[in-house]
Amino acid sequence: MAFDRKKFKVLHNKRIAKDVYCLELLGDTRAIKCPGQFVNIEVASYYLRRPMSIADWKLGDETTGKLIIIYKVVGGGTAEMAKIAPGEFLDLLVPLGNGFDINVDTTHPLIVGGGVGTPPLIALAAQLIACGKIPQVVLGFQSEEDVFAVDTFQKMHPEVTVHVATVDGTLGTKGFVTHVMEHLTYDYIFACGPIPMLEAVVKMGGALPGQYSFEARMACGFGACMGCSQQTTTGYKRICKEGPVLWKEDLQWLI
Ligand SMILES: Cc1cc2nc3c(=O)[nH]c(=O)nc-3n(C[C@H](O)[C@H](O)[C@H](O)COP(=O)(O)OP(=O)(O)OC[C@H]3O[C@@H](n4cnc5c(N)ncnc54)[C@H](O)[C@@H]3O)c2cc1C
Ligand code: FES
């Protein structure tokens, strides 16, 4: 899939939870094809770009297109990003990766997000709803202060139910997303989050089909260096190019 190198103008860069920021950008989004794709952002004084999921976008050219990124400050690169001010321009490779396929057979999809694995699931939920597949959403965080995006999902459609699990029990169910999943009925799983969470979700889903997005460490971000290769049942796949979304049948190694 082709990608472009584009400049995007920063409209907002606002804190929305503990160490979590929402970056709204203006720029050409016409090449973005589906939820779950990501961008690679040039960050001042860092050689490697930082990959970030497309949380949502409005299709348009450089004067009308909007792009939303939600990121957590975990190290030097994301700490630099938190200092970016409105009016600045960012250099992005856009769009990267395969993204989610929403043209699947499901009437009761389940969306499962872990921490900053949640952002790509926002546009995914909106697109599922647009084609009449109303999802249930389960979001897992460490603590109440880390929680974000609950309202965003809830406002999408009156029938969307959003369940929160926090490890310390300060909001919602105490424990992990899988503790919530035990009580739900669903026929398809879309998930993004840390590998231990994905592993637990795949196991809990049993024979159910699903798509799982991986946030592996990356270098080039567009398939040239093999740095993000992950073993699957059909051989090694580059998470940046053949992923980040892998299908259930690729993931037997997790089970
Ligand atoms: C396809 C993809 C989509 C992503 N989408 C998002 C997103 O929407 N929001 C978001 O907050 N983050 C996202 N990430 C993770 C994000 O890219 C990293 O957190 C970021 O690059 C860290 O940069 P840093 O310089 O701040 O941290 P570093 O100084 O490079 O690292 C700080 C700490 O973060 C860990 N870390 C760094 N990169 C990753 C990674 N890729 N996965 C897991 N741990 C990592 C390191 O092991 C280290 O402990 C995504 C990653 C990928 C590959
Ligand atoms: S990061 Fe270079 S091939 Fe994936």
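In this predicted model, a nitrogen atom of ligand 1 lies 3.3 Å from a polar backbone atom of A216, a polar contact being a pair of N or O atoms within 3.5 Å. A nitrogen atom of ligand 1 is likewise found 2.9 Å from a polar backbone atom of I70, and a nitrogen atom of the ligand is 3.0 Å from an N or O atom in the side chain of R217. Of the 880 Å² of accessible area that ligand 1 has on its own, the protein covers 76%, as computed by the Shrake-Rupley method with a 1.4 Å probe.

The shell around ligand 1 has 10 nonpolar, 5 polar and 4 charged residues, where Ala, Val, Leu, Ile, Met, Phe, Trp, Tyr, Cys and Pro count as nonpolar, Asp, Glu, Lys and Arg as charged, and the others, Gly among them, as polar. Of the 19 residues around the ligand (one heavy atom within 4 Å), those that come nearest are R50, P51, K72, G77 and T78. Strand 4 (50–53), strand 6 (66–72) and helix 1 (76–81) each supply at least two residues of this shell, and the largest share, 4 residues, comes from strand 4; helices (H or I, at least four residues) and strands (E, at least two) are DSSP runs, numbered from the N terminus.

Because domain 1 (4–96) and domain 2 (109–254) both give residues to the shell, ligand 1 lies between them, the domain bounds coming from an automatic or database assignment.

Residues are numbered from 1 along each chain as its sequence is written, and chains are lettered from A and ligands numbered from 1 in the order in which they are written. Local features need pLDDT of at least 70, side-chain atom pairs count only at pLDDT 80 or more, and totals for chains, interfaces and linings use all residues, while side-chain values use heavy atoms, with hydrogens and water left out.

Technical notes. A polar contact is a pair of N or O atoms within 3.5 Å; within protein, one must be able to donate a hydrogen and the other to accept it, and residues adjacent in sequence count only if both atoms are side-chain atoms.
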